[in-house]
Amino acid sequence: MLSPSSDRRAADHADDVIRGLSSVADLLVVPDPRLADLTTLRIGGRPRALLECATAEAVTAAVGALDAAGVPVLVLGGGSNLVVAGGDLDVVVVAVRNSEVGYREADPGEAGPGQANPGGADSGGTGPGESVSGGIIVRAGAGLNWDDLVADTVGRGYGGLECLSGIPGSVGATPVQNVGAYGVEVAQVLHRVRWYDRGTGTDEWVLPAALGLSYRTSVLKNSDRAVVLEVEFRLDPAGRSEPIRYAELAGRLGVAPGERADPALVRRTVLELRRGKGMVLDDDDEDTWSAGSFFTNPVVREDELPTVRSRVTDRLGAEQAAQMPAFAAAGGVKLSAGWLIERAGFGKGHPSSSSPARLSTKHTLALTNRGSATADDVIALAREVRDGVREAFGVELHPEPVWVGCSI
């Protein structure tokens, strides 16, 4: 354990580094910062400092200097996937705010993203590991609001990102999380990522294969390996959406699964669906004060599925067991976390209207702050839901957010 004098020397050293960074171009040291003001859950204490970086070069200067000095760093984008402890936090927040956007035609023969094809051979996508050529490449700064980018691409008549409309957060977070919704994942449209490798101090562009992308994760999630600076996505210039694979969305659009549609119509429909579930941020609606989907959809082995169905039958009856959503996935069978949560007895708005943290009244997969919740309140609710689903059905739910100064 450090002595008080050692703590003081460490604090003075960190302050010296921060003062030195105040002269860096396009970097602002924000006075009296609170992480509750920077996260969509509206929860979080006071960091040692907040450095807002308007360019990629400012980001690398800040992170490089802090790493070299051994000062703990939290790289922050849109704050949409964080659960942050309260109180004073021994961390310097580097807020990535570069937001430039540019478009170009892909060079002939330029390697595509190697999209996986979850819809099968007739879905209209490319096959696993298969490259595509042509199209439009959009490059966006990591600090740009994600939905602003989606809206801009759709407004220009380009397809590709429309199913990912309304997702809160920044562009830089999307490959870290391999963000996905309504049958599309970032991995399917990702072209390249520019990152700052914190181990080597290298600023470089890498292909998607370097990210180890899988369901809602990558080599960057819960890791200090690198900071995303810019991202490129490949778009369809012919005004075609990604193949519509999600049944609910296909039904709303009146198309068969695997068909494409007008990106603008898909975007409007996705936003309608998300708003109905409280998944579009609204300052006036506490049902949207959340970290989005709090738990990932669990994947169980195929030989475990009969046991899960048996437990559902015992609790809810054979009809419910037959209706339980289950889809083929890498490593087994993917179940619906929201379905399991609700059938385990945690309904919308749980536990009560007076609780500071509760499930959204629109969607059981979102844990919301009703205005006065703390990280402890959110953690207690998350544990209750996780443990209840495990007790009811023998299925372990895993949280999706990143934890800062706390854990479930």
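Q: How far apart are the end C-alpha atoms of helix α10?
A: In this predicted model, the end C-alpha atoms of α10 (residues 375-393) are 27 Å apart. The helix has 19 residues, and at 1.5 Å a residue it should span 27 Å, so the two values agree.

Q: Which residues of α10 are buried?
A: The list is A375, V378, I379, L381, A382, V385, R386, G388, V389, A392 and F393.

Q: Why would residues three or four places apart point the same way?
A: An α-helix has 3.6 residues a turn, so residues at that spacing point the same way.

Q: What covers the buried residues of α10?
A: The cover includes the helices α7 (305-316) and α9 (337-343). It also includes the strands β4 (82-84), β17 (357-359), β18 (366-369) and β19 (402-404).

Q: And what comes just after α10?
A: G394, with a positive phi of about 70 degrees.

Q: Left-handed or right-handed crossing?
A: α3 passes α6 in a left-handed crossing.

Q: Which residues make the contact?
A: From α3, D147, V150, A151 and V154. From α6, P263, A264 and R267.

Q: Now N98. Where is it?
A: N98 sits in the loop between β5 (88-96) and β6 (101-105).

Q: Buried or exposed?
A: N98 is buried, because its relative accessibility is 1% and the cut-off for buried is under 20%.

Q: What about A25, buried or exposed?
A: A25 is exposed, with a relative accessible area of 54%. That residue is in the loop between α1 (4-21) and β1 (27-30).

Q: How far is A25 from R358?
A: Their C-alpha atoms are separated by 43 Å. Along the chain, A25 and R358 are 333 residues apart.

Q: Last topic, confidence. What is the mean pLDDT?
A: The mean is 92 for the protein. Of its residues, 92% reach 70 or more.

Q: Where does pLDDT stay under 50?
A: Over residues 113-132. For that stretch the model has 46 contacts beyond four places in sequence.

Conventions:
Residues are numbered from 1 along each chain as its sequence is written. This is a predicted model: local features need pLDDT of at least 70, side-chain atom pairs count only at pLDDT 80 or more; totals for chains, interfaces and linings use all residues. Side-chain values use heavy atoms; hydrogens and water are left out. Helices (H or I, at least four residues) and strands (E, at least two) are DSSP runs, numbered from the N terminus. Buried means under 20% relative accessible area, exposed over 50%, partly exposed in between (1.4 Å probe, protein chains only). A crossing is left-handed if the near helix is turned anticlockwise from the far one by less than a right angle, and right-handed if clockwise. Contact means heavy atoms within 4.5 Å. pLDDT is the predictor's confidence in each residue, from 0 to 100. The expected span of a helix is 1.5 Å times one less than its number of residues.
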